[in-house]
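Some notes on the ligand site and the helix beside it follow. Please read them with the structure open.

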Amino acid sequence: MNAEVSCPRCLSKLVPYLSQCPYCGTNLELVEFVEETYFSAKVNPMDIRIAPETLVPRLGDLLIERGLLGPKELDAALDYQQEKIMQGKPCLIGQALVELGFVDQNAIDEVVTIQIFQLQHNLERVNQELEQRVAERTAKLEDTLLKLTELNQLKSNFISNISHELRTPLTHIKGYLDIFTDQSLGPLTKMQEDALKVLIRSEDRLEQLIDDLIQFSTAVRGELSLTEQEIDIRHMVDAQLPQLIRKANAKDIKLEIMIPNGVPKIYADEDKIQWVINQLIDNGIKFTPKGGQVGISVEPEVDFVEIKVSDSGIGIPEERIAEIFEPFHQLDGSITRKYSGTGLGLAMVKRILDAHGSQLQVMSKIDRGSIFTFSLPVAAFDDDR
Ligand SMILES: Nc1ncnc2c1ncn2[C@@H]1O[C@H](COP(=O)(O)OP(=O)(O)OP(=O)(O)O)[C@@H](O)[C@H]1O
Ligand SMILES: [Mg+2]
């Protein structure tokens with residue numbers, strides 16, 4: 001890479017020799033490889049000759065070639081043609097030659113017919129050359145696509161394997177943290193308890209990240225299958241409450257749960273929808289300054305229920321809403337970014353809701369907050385189908 005570089009995806013200015021864009025995560029080595037291998041070959045303009053004079057010889061040249069005209073006569077006719085142009089009465093070279101009596105109209109007609117045949121022949125040849133080049137380029141592009149697909153597959157396998165590998169030692173860490181916390185290994189001082197709380201929070205976060213990665217790699221490999229069943233939403237939200245309240249309290253955020261009594265059961269994959277709600281509330285808390293509000297409300301309609309997760313946080317610029325669903329993408333992707341995370345949450349949320357046939361709607365205002373809304377079918381209706 002030379003000294004003046006910018007990321008081909010997010011266009012950020014970069015220092016040379018980076019292998020990955022620090023702002024959007026694009027693999028710069030791969031981009032460079034693809035560009036060099038497939039797109040930088042200089043096209044020689046002589047490879048495909050489609051200029052008129054290369055497709056068909058000029059009339060004068062052809063007459064000379066066939067012995068019907070001498071070069072001096074052609075020069076004289078060209079001068080004559082030039083004069084006519086100056087007089088404002090332009091004429092064709094054939095007409096000039098006939099008017100000067102150098103050749104007769106029959107010779108001109110004969111040579112024009114030859115020109116037409118040659119043009120036809122040359123056009124066919126150029127066409128074949130073009131077709132061949134298109135075929136070659138297509139084959140190269142197909143090859144690149146295959147390589148990229150393989151790389152993508154490799155990446156998602158790697159993410160999946162490494163995530164599962166990380167989970168095993170984490171289970172041990174979690175187990176021992178629990179044993180320490182309930183003081184089975186002896187009493188703890190206040191300082192030790194505080195240190196343990198930090199460890200537990202970090203372990204929680206790590207576990208969440210690994211779960212996100214596993215979910216993502218599963219979905220990328222097209223293995224996102226649903227186990228749909230009747231779900232009691234209140235029950236599902238209640239099960240996550242202690243963890244959510246803990247997160248909200250840490251930022252002095254008021255968490256409001258509005259699930260009216262008698263909300264009908266929905267028909268969906270419980271684990272995945274629980275994960276979706278968890279991600280949306282997690283984002284709400286993360287992107288809302290201290291002292292703000294985050295809420296989840298459930299509104300029953302006739303054959304579906306609408307689930308809304310809202311916050312009073314920093315909001316999302318309207319023109320950047322589409323970006324928030326890109327995997328590994330955060331709106332603040334700078335090195336100095338304030339918010340933690342991998343940028344996978346919403347990409348997965350979208351995939352999971354897509355698999356349920358549901359769409360995530362986003363309404364947001366900068367510095368006022370955001371509302372994420374989606375619907376799921378009421379179980380009774382699903383059963384009747
Ligand atoms: N409630 C929100 N308010 C403001 N911005 C948001 C909100 N939710 C998401 N975003 C923006 O969308 C980006 C992508 O969200 P996503 O949940 O995919 O990633 P993340 O929260 O940054 O990381 P992860 O979910 O992997 O921990 C966020 O980085 C943030 O810029
Ligand atoms: Mg998130």
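1. Helix α9 gives three residues to the shell around ligand 1, the largest share. The model is a predicted one, and the points below should be read as such.

2. The shell counts 21 residues in total, and the closest are Asn283, Lys286, Gln330, Thr342 and Leu346. Sorted by class, ten of the shell residues are polar, eight are nonpolar and three are charged.

3. Which side chains place a polar atom by an oxygen atom of ligand 1? For Gln330 the distance is 2.4 Å. Lys286 has a polar side-chain atom 2.8 Å from a ligand oxygen, and for Arg205 the corresponding value is 3.3 Å.

4. On its own, ligand 1 has 590 Å² of accessible area, and the protein covers 98% of this. Two or more shell residues come from each of α9, α10 (345-355) and β9 (369-377).

5. As for the geometry of α9, the helix runs over residues 270-286 and has 17 residues. From first C-alpha to last it reaches 24 Å, close to the 24 Å expected at 1.5 Å a residue.

6. Is α9 mostly covered or mostly open? Mostly covered: 15 of the 17 residues in α9 are buried, where buried means under 20% relative accessible area.

7. The N-terminal end of α9 is capped by Asp269. One of the side-chain oxygens of Asp269 lies 3.3 Å from the backbone nitrogen of Asp271.

Key:
Residues are numbered from 1 along each chain as its sequence is written. Chains are lettered from A and ligands numbered from 1 in the order in which they are written. This is a predicted model: local features need pLDDT of at least 70, side-chain atom pairs count only at pLDDT 80 or more; totals for chains, interfaces and linings use all residues. Side-chain values use heavy atoms; hydrogens and water are left out. Helices (H or I, at least four residues) and strands (E, at least two) are DSSP runs, numbered from the N terminus. The expected span of a helix is 1.5 Å times one less than its number of residues. Buried means under 20% relative accessible area, exposed over 50%, partly exposed in between (1.4 Å probe, protein chains only). A polar contact is a pair of N or O atoms within 3.5 Å; within protein, one must be able to donate a hydrogen and the other to accept it, and residues adjacent in sequence count only if both atoms are side-chain atoms. A residue is near a molecule or strand if one of its heavy atoms lies within 4 Å of it. Accessible areas come from the Shrake-Rupley method with a 1.4 Å probe; for residues, only the protein chains shown count as cover. Ala, Val, Leu, Ile, Met, Phe, Trp, Tyr, Cys and Pro count as nonpolar, Asp, Glu, Lys and Arg as charged, and the others, Gly among them, as polar.
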